[in-house]
Amino acid sequence: MFKNYLKIAARNLLKHKAYAFINTAGLAVGMACCLLILLYVQDELSYDRHHENADRIYRVVLEAQIADNELSAPVVSAPMAKALVDEFPEVLQATRFIKSGSSTLFRYRENSFVEDNVIAADSTIFDVFTIPLIQGDPKTALTEPNSIVLTEEMARKYFGDENPMNQTLAVVNRFEGKITGVAKSLPPNSHFHFNFLISLATDDGQSSQSWTNNGFYTYILLRENYPPAQLKTKFPELVRKYVGPELKAEDGISFDEFLAAGNRYEFYLQPLTTIHLHSHLDYELEPNGDVAYVYIFSAIAFFILLIACINFMNLATARSAQRAKEVGVRKTLGSSRLQLIRQFLLEAVLLSFIALLLAAMLVELLLPALNQVASKQLQTDYFGNGLLAAGFAGIALLVGVLAGSYPAFFLSSFRPVTVLKGKVQAGKGSTPLRNGLVVFQFAVSIILIVGAVVVYRQLEYVRHKKLGFDKEHVVVIQRAGALKQKLAVFEQELLQHPNVIKASASISLPGKLFSQSSFQPEGATLNEATVMSVFVVDHQFIETLGIEMAAGRNFSREILTDSAAVILNESAARRLGWTETIGKQLTSDDRGYTVIGVVKDFHFESLHQEIRPLLLRLGASVFYVSVRIRPENLASTLAFIKNRWQALVPEQPFEYFFLDSNFDRLYRAEERTGRIFGYFSALAILIACLGLFGLAAFAAERRTKEIGVRKVLGASVRQIVLLLSKEFTRLIALAFVVAAPISYFAMNRWLQDFAYRTEISPFIFVLAGLFALVIAWLTVGYQALKAAVANPVEALRYE
């Protein structure tokens, strides 16, 4: 029986090639989109699960509020890790690390390279995380100062075919390191990565025992089946024991008085496997994902697949008259309804598996593009990954059953007497449902179009919004600290070039490295301190970046007391509540500062955040030299800057970036989202139009005789086209009415993640609706025009 079903199914598909092509193409594209998105979602959900004890690893997070200042960060104090292990037996192990804030120069013999992803870590990092060592002993690899563990890739880069173990690798301007291990690289789906692990015992910072000096990423390993919530209940006593005395020593108040004033100083545990999708704290190790996008893309995958299934149902019911006589004859000859349902479901499943094969080919073709857009390294391994293959087959089976169920029940319900008398019209009785499904298809398509346009407009808004500083034509030279005493000479030589306008040295830049500190206004207590972001700059920083002064003056080389002077932004001045800011005193870490000026607010973080209080002060340390240049003769200007660098520090590689490009990287996640939205919106429209094309063809076929009569009676081609198009036009209009409020609500919610955002203009909805309508007209118009220009004599011979 099954073999007979299969033969009939194959015969029907070969007999109706156009129908089979439209359905197969629609299902294939829909399934390919779904599979691509599911690969992306699977990757996002798999972050950090490669560690053996992933479900027992937690990150310690600090959450504090002092006066009006709030802090939520994944960094805690240096002694926290040891205290957790010593005082709580349920904490089996703890590890700390610090990620290098700037590029680090390594040298082996004549080879020098600037490297990122350098981490200073405790030796216990191998006890908490699963980081396999190809060479070396994880128990001793990082116990001694100056020990270095590097990845296999870095070992090949520096040592080639030599054995790297016990070799000396210089960390320039810091120490001579000894290679004590070679590790496998962490997979891409990890919330942190490294090229080098340096023993934390090497860093002076690890010796600080202050509980209020926070800068260490700290992870703990709990014993099996121990509830983390129970450990969290013990943290308040830990804070009281260690943080309380320091608060009393610093400000003379007890911990109870600190809490009574409305302040908080708390720790909580963050599960390792939730960090990537659920954590958006300050000072994250790497940019994290967002679980909202996982939900959004999962919904897109579902709806695109549903659109493809709807196409199948619509086309199957629309061509019901063509199979009505087959149903009547088979029922007359004794076929049961159950047998007919099996037959039609088998046809749908067979078509679905053919579509799956095509979808797998499309996935292989499109996966490199998705990897590029999403910055992923997704792979398909159908034979090596049984779960993936089973999942794909399961989707094909589900699609076949889902898409074929309604047509199977609908067609098998025909009564033989009615069918054989020719009283069944094509699709009659299923028209309302079919129209509803068309409305649903185009409503989803319009929602996706609106989403893509809103994301694009928001990206354009953040790119062109006035930031309060001029990011254009600024070349930033990295690792400027290597210049040391030659820094002033370098800046002066640069200014000799006619295309160099200004030059400034600093530790901090908009969108780059900056710190936070607590400052007490004159006459205030610690409870009234204000946490501010801090930029360490030089005298030329404000002029070089084009930041405007709102009050007071800029730093001056002629005024020696400016070494203890600071400049605030307008947000900081408002937070402090001073009516007159200039000349006021601030204190931080027992050092006093005088406010000499106020700059207008400028965006030094992404537009996701409101502008926070900022303090600028002078400092001797340097990470960057920012050079404002004229746009003319860019290549020769860069060559001049490189030449001057190499003349002063020939042993140091010359590295630079443009400030505008670096600032724009803050919106890469949104840019990727916008592209993915755009691509899948186009595919959703394509699938919907494939179905509409088939429906229009069947509508024209069903009304062939009517069209012939109308043409004989004088109807023009235009009137015939409008006759066949108006029904679909009404459906698109109804889809627009459904889609507009849903898309507005969804995209308005998405924009709430930006402190500064574009408006959702009605024009966007009109544009999306018109676009869907034009695409539908073009799709239906082709079939309508084809029917309208046909010879009426041939039409009247029909039937």
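So, Phe-258: buried or exposed? Buried, since its relative accessibility is 0% and anything under 20% counts as buried. Keep in mind as we go that this is a predicted model.

Phe-258 has a partner, Phe-255. Both of them lie in helix H8, residues 255-260, and they're three residues apart, about one turn of the helix. Phe-255 is buried too, with a relative accessible area of 9%. Now, how do the two rings sit? Their centres are 5.8 Å apart and their planes are at 20°, so we call the pair stacked; the cut-off for that word is under 30 degrees.

Okay, stepping back to aromatic pairs in general. How many aromatic pairs does the count come to? It comes to 34. Let me pick out Phe-129 with Tyr-219. Here the geometry is edge-to-face, with 5.0 Å centre to centre and 70° between the planes. And where are they along the chain? Phe-129 is in the loop between helix H4 (125-128) and strand S8 (133-135), while Tyr-219 is in strand S13, residues 214-222, so this pair ties together parts that are 90 residues apart in sequence. Both Phe-129 and Tyr-219 are buried.

Next up, a cluster. If you've got the structure open, look for Phe-106, Tyr-108, Phe-113, Tyr-158, Phe-159 and Phe-196, which form one aromatic cluster. One of those, Phe-113, has a charge over its ring: the charged end of Lys-157 sits there, 4.5 Å from the ring centre.

While we're on that stretch of the chain, have a look at Glu-153. You'll find Glu-153 in helix H5, residues 152-159. Glu-153 has a relative accessible area of 48%, so it counts as partly exposed; to be called exposed, a residue has to be over 50%.

Last stop, strand S16, residues 500-506. Five of its seven residues are buried, so S16 is largely enclosed by the rest of the structure. Which strand does S16 pair with over six bridges? That's S24, residues 624-629, and the two run in the antiparallel sense.

Methods: Residues numbered from 1 in each chain as written. Predicted model: local features only at pLDDT ≥ 70, side-chain atom pairs only at ≥ 80, totals over all residues. Heavy atoms only, no water. Phe/Tyr/Trp six-rings, centres within 6.5 Å; stacked < 30°, edge-to-face > 60°. Helix = DSSP H or I, 4+ residues; strand = E, 2+ residues; numbered from the N terminus. Buried < 20%, exposed > 50% of the residue type's maximum accessible area, 1.4 Å probe, protein only. Lys NZ or Arg CZ within 6 Å of the ring centre and 35° of its normal. Pairing = 2+ DSSP bridges.
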